Amino acid sequence: MNAQPRQNIDANRANMLQFFQYLQGIKDKEAVLKYITAMAYIENLYVDSVDTQKMTEAGLRGMLEDLDPHSTYATPKEVKAFNEPLQGEFEGIGVSFNILEDTLVVIQPIINGPSEKVGIIAGDRIITVNDTAIAGVKMSQEEIMKRLRGPKGTSVKLGIVRNDIKDVLTFTVKRDKIPVKSVDAVYMIRPQMRDIIIDLEDNGGGYLQAAVDIANEFLAADELIVYTKGRVMQRQEFRAKGNGMMREGRVVVLTNEFTASAAEIVSGAIQDQDRGIIVGRRTFGKGLVQKPMELPDGSMIRLTVAHYYTPSGRCIQKPYKKGDKEAYAHDLDDRFKRGEFTNADSIHFADSLKFETLKKHRIVYGGGGIMPDYFVPLDTTRYTDFHRQLAAKQVIVNANLKYMDKNRTQLKKQYKTFDDFNAKYQVPESYIKTIFEEGKKKKIEPKDEQEKEKTLAYLRPQLKSLVARDLWDLTEYFHVWNESSDIIKKALEVLETDTAK
């Protein structure tokens, strides 16, 4: 017997033993018997045929609805979709793409990926997959991705239209494992800077251990990173090993209202250990630990089994009422309406939730996210209704695809390096005019000259960022875009005043 079947048998045996242990731990066994008996009656005696699988799933979802907002049930298909970004890879042809007028346009082939190896380039239009048309047939993006993805080692035949080439090109691509980057961009924001800015804005988190590994890079040996504790789960501590590469030097962490879960672990550890400074806005407030519990058919329950606590002892889970997921989902809207995104004085913490950082004894609070050391308000004046409508109707993204399709070759010849592009490139007025004209066709126009000028102030750096992304990658996109970020500007100001120690 080879190793893999033996591992599967051992894993199944361990799961069964754990299952029977849980059964023995059930206090109200009659309630479980009641549920099974009702299911048996329905399946055997109900007047019409029933979908037992669907009914079981509805029952599971109903059970979990009455618990906390993060305990969930997922079908086998949902489990796979959820795990892909966390596992760090998927299997496919290796391109980033967008849909323009019912046609898939390649933004960039992944470097050294399957598509690049056979000669597929940015700007190519994939019109057929295994001789089946995917262009001009109103096929959903999900269906297109299903056709392009597949097990490693399998081949897919692509029909491609390329600029300046009359005939349809045919490429056979052997699918492979495609890495999913956990870090979108890394670059030197200022020449010779030895400090580090960690941008966790809009970072929804990931695995607990990944957060521990990242925090470990900044902390000294045996410094506490996070601990977890639940009704049944005993306290478990995670401490730094002392082998991190950034134990010296100043650190600034950027957060906002969408920074959550594992990203909050990193933020809380650096703040509580007085290792760095937090800049931005109060984080989401997810301090619940989910344990994935596999079910026999490949579906899964992600059950909350503990809270996690920052080194000072803060539980940063925001308040919730069991069973009221709707109110929990509207929490960010409520915070916005209370002015919490624009005014730090609108944020209130109870004195009972007051804690101290471990070295400098600065006051920090639990019970609802990580409050930054330097608050940066959301600039609501930057976003106009005109821009929001242009974005919602895909005017901007479609204009970008057309602009790059027409100008990519010339731009690559003109700008050999990103530094040259960043210093010299200006968004052409003709490019902006195209967007405004397309918006007018869709009855989207600025209400006055002031709204137009505000939109232009936001649109120009956005378009330059998109061009940089399409010529290079996300690192160059953020390099351009971050120069207009108020949170980034504040982080640099903090570093210049030498307070981020």
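Reply: Happy to! Two strands are said to pair if DSSP finds at least two bridges between them. Strands themselves are DSSP runs of E with at least two residues, while helices are runs of H or I with at least four residues, and both are numbered from the N terminus. Before going further, note that this is a predicted model, where local features need pLDDT of at least 70, side-chain atom pairs count only at pLDDT 80 or more, and totals for chains, interfaces and linings use all residues. Residues are numbered from 1 along each chain as its sequence is written, and side-chain values use heavy atoms, with hydrogens and water left out.

Now look at β14, residues 277-280, which pairs with β19 in the parallel sense over 2 bridges. G280 has F375 of β19 as its bridge partner. Step back, and you find an open sheet of 4 strands with parallel pairing, in the order β10-β13-β14-β19. Its edge strands, β10 (196-199) and β19 (374-375), each pair on one side only. In general, strands of a sheet pair through backbone hydrogen bonds, either parallel or antiparallel.

Next come the helices. Helix α8 (residues 262-272) lies across β10, β13 (251-255) and β14, and runs at about 140 degrees to β13. Helix α17 (residues 486-496) also packs on the sheet: it touches β10, β13, β14 and β19, and its direction makes about 160 degrees with that of β13. Contact here means heavy atoms within 4.5 Å. The axes are lines fitted to C-alpha atoms, for helices over the stretch in contact, and the angles run from 0 to 180 degrees between N-to-C directions.
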